[in-house]
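Hi,

Here is the structure for you to look over. My notes on it follow below.

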Amino acid sequence: FDIVIGNPPYVESKNYIESSPLLAKYIKEVYSCSNVGKVDLCIPFIEMGVNLLNERGTLNYLTQRRFFMSEYGNLIREKIREENLLKRIYEYHQTDLFKGKITYVAELMLQKNNNNQYFEYGSTSSDETSKIPVSKLDGLWNFDKVGDSAEIVTRLSKSIGTVADLTDVKVGLQMLWKNAYHIIAEKVENGLIYGYSKLEKNIVIEAA
């Protein structure tokens, strides 16, 4: 296709792995950029969209932007950088773009055989757009800190590693999922609280 336009689904792995295990298995087997971490469904949709383009085709998605900074986004970011696909990014910093939903989204424009050494970047936090060297795409995409600080963080993470290299981090803080932290206490004994939640049984935590 000359052009692929879309708004792919934003579905975290925790919301489809258990309910649709065959789908999760299929994604891992068919889409190479999904073979890292617990991928959001937007990742295979981005890869599929790129695969549908002809040799000069352009993709334009309104997609979630969490993959800019996440482990599961490593391979799709690497593909975009290595194939020099990135043409434009526009980040929406509001979380109310879709009524009743908290979202973190961006417009992502990719183009095959894009020979530009720069891509265009803009966001709702500024009226101005800027041109950023494609070389800045190595590592995490933190466009709030484009420049020396971002390069230092990337170099340090590659040379000395990150917390994820030392321990198995299953999930970050779930600030929007209040039920995960609502513990129904059954008893308090020897400085420990014994209880349960809607998500877990037999929870034991230290009393404050």
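**What turned up**

Of the chain's 208 residues, 33% count as buried, meaning under 20% relative accessible area with a 1.4 Å probe, protein chains only. This is a predicted model, where local features need pLDDT of at least 70, side-chain atom pairs count only at pLDDT 80 or more, and totals for chains, interfaces and linings use all residues. Residues are numbered from 1 along each chain as its sequence is written, and side-chain values use heavy atoms, with hydrogens and water left out.

The chain exposes about 13,500 Å², by the Shrake-Rupley method with a 1.4 Å probe. Carbon and sulfur atoms supply 53% of that area.

Now the fold. The chain has five helices and nine strands. These are DSSP runs: H or I of at least four residues for helices, E of at least two for strands, numbered from the N terminus. Their order along the sequence is β-α-α-β-α-β-β-β-β-α-α-β-β-β.

Contacts are heavy atoms within 4.5 Å. Among those with a separation of 6 or more, 55% are between residues 24 or more positions apart.

Pairing here takes at least two DSSP bridges between two strands.

Strand β8 (residues 192-196) is joined to β9 by four bridges, antiparallel. Leu-192 stands opposite Glu-206 in β9.

Best wishes

Terms used. Buried means under 20% relative accessible area, exposed over 50%, partly exposed in between (1.4 Å probe, protein chains only).
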